[in-house]
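Morning, everyone. Please bring up the model and keep it in view while I talk.

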2 protein chains.
Amino acid sequence: MGYAQANLVILPERYAFDFLLFCQRNPKPCPLLEVLEPGKFRTDIPCYNIYRKGKLETTVKEIKNIWKPDFVTFLLGCSFSFEEALLRAKIPVRHIEENKNVPMFISSIACKSAGVFLGPMVVTMRPIPSDKVSRAVQITSRYVSVHGAPVHIGDPSKIGIRNLNKPDFGDPVTIQRGEVPVFWACGVTPQAVVMKAKPDLCITHTPGHMFISDLLNEELAAL
Amino acid sequence: MGYAQANLVILPERYAFDFLLFCQRNPKPCPLLEVLEPGKFRTDIPCYNIYRKGKLETTVKEIKNIWKPDFVTFLLGCSFSFEEALLRAKIPVRHIEENKNVPMFISSIACKSAGVFLGPMVVTMRPIPSDKVSRAVQITSRYVSVHGAPVHIGDPSKIGIRNLNKPDFGDPVTIQRGEVPVFWACGVTPQAVVMKAKPDLCITHTPGHMFISDLLNEELAAL
């Protein structure tokens, strides 16, 4: 509790500049916490997904046998950090209350492209009571390195979402009377964008097996 | 007035990943506003400095004749944006009052290295009245993409600065009684770091001939 978790993306070096540029241009869905230099590795992620040409090939506990010196490791911030801050401020986080995965939607917001990487922004939705929306914006704005402020507040159709009860990923959650759907950029975006680009090889963490950093969430917060 | 100005750095592609990573790891001295993909160019910067192996070779108005398709262009935010915000809040900016260049110092704060790029952080100093230091922190914190909050407040010796009247670059300014020296990361840092790495070729804007963007400073501000 209290420490920042991170999503993992490993790519061969020839994709690394474009992917780093994609993250730099789309900091809300792709908040970089760290990038290791080509060849540098860590061994403390508990489970990995291996994708070839954008398709999941296998899930493994170690990648030593396929590691190459040109692999570049990216660690991206995740919304667990700001959810902890929302809860501390007594702002309800519905999917946690209902013990579900956060609902995620492929929005009509286009990311800024970089080289081979392009695609729509995936967003998460959290229903927030009207009188707490402003506070939710303030709190998450502090966490620029873990998605930051909402990208959209209110009418889902404005960002191409037709049915809040049918998320593209995760689970639907209850929206109570007087609550506003609030949308944040989601860390699934870079994964979706990478798969779409069909690189020869891409390694990610397996969902639920993230990297746990030694950075406190509070260290990530500005102002 | 009101529009963000940017520092220019152009490097051959083989240095681009390391430099982009250096900027990502050191966002305060190297706040990236934009990176053009390899080969993409602009023609609206009025004057350029051309460096070979870290030494200034010449200053020219056009670079069409030496342009190569692997050149990568970086545009970095500059403190002019937050100085405008300080002035609007009636916080004095001494070097502007005294019609001087801001005093800059090579500090003992080490940047995080990336590949061939490493070196100390260059900082600017602005003397701020004690009762306005807190407000100056709040205001500049909003401008994360143009250096953001101060990196140090108070005792210059703590960051390796011996004499505030002898800046490494720029001009000394008057520090009045009851004023505190406040230090911000400076955009000279990436230039100094690039020169130290002695790349075969590097092109920058000529001082005083920056890139003027179509982004309002206010568009750069968070919260």
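Start with Phe71(A). This is a predicted model, and in it Phe71(A) is buried, because its relative accessible area is 3%, under the 20% cut-off.

Now look at the partner ring. Trp67(A) and Phe71(A) have ring centres 5.1 Å apart. Their planes stand at 75°, which is over 60, so the pair counts as edge-to-face.

Go over to chain B. Trp67(B) and Phe71(B) also form an edge-to-face pair, with 5.1 Å between centres and 75° between planes. Are these two residues buried or exposed? Phe71(B) is buried, at 3% relative accessible area. Trp67(B) is partly exposed, because its 22% falls between the 20% and 50% limits.

There are ten aromatic pairs over all chains. Back in chain A, Phe19(A), Phe74(A) and Phe117(A) make up one aromatic cluster.

Next, the interface. How many residues of chain B are in contact with chain A? The count is 20, and they touch 20 residues of chain A. About 1700 Å² is buried between the two chains, with carbon and sulfur atoms giving 66% of that area.

Now the polar side. Chain B and chain A share four salt bridges. One of them joins Glu34(B) to Arg25(A), with the closest N and O atoms 3.1 Å apart. Ten residue pairs are in polar contact between these chains.

Which elements of chain B give two or more residues to this side? They are helix H1 (13-25), strand E2 (32-35) and helix H4 (133-141). H1(B) gives the most, with six residues. By class, the side of chain B that touches chain A has twelve nonpolar, five polar and three charged residues.

Conventions:
Residues are numbered from 1 along each chain as its sequence is written. Chains are lettered from A and ligands numbered from 1 in the order in which they are written. This is a predicted model: local features need pLDDT of at least 70, side-chain atom pairs count only at pLDDT 80 or more; totals for chains, interfaces and linings use all residues. Side-chain values use heavy atoms; hydrogens and water are left out. Rings of Phe, Tyr and Trp (its six-membered ring) pair if their centres lie within 6.5 Å; planes under 30 degrees apart count as stacked, over 60 as edge-to-face and the rest as tilted. Buried means under 20% relative accessible area, exposed over 50%, partly exposed in between (1.4 Å probe, protein chains only). Contact means heavy atoms within 4.5 Å. Buried area is the accessible area (1.4 Å probe) that two parts lose on being put together, summed over both. A salt bridge is a side-chain nitrogen of Lys or Arg within 4 Å of a carboxyl oxygen of Asp or Glu. A polar contact is a pair of N or O atoms within 3.5 Å; within protein, one must be able to donate a hydrogen and the other to accept it, and residues adjacent in sequence count only if both atoms are side-chain atoms. Helices (H or I, at least four residues) and strands (E, at least two) are DSSP runs, numbered from the N terminus. Ala, Val, Leu, Ile, Met, Phe, Trp, Tyr, Cys and Pro count as nonpolar, Asp, Glu, Lys and Arg as charged, and the others, Gly among them, as polar.
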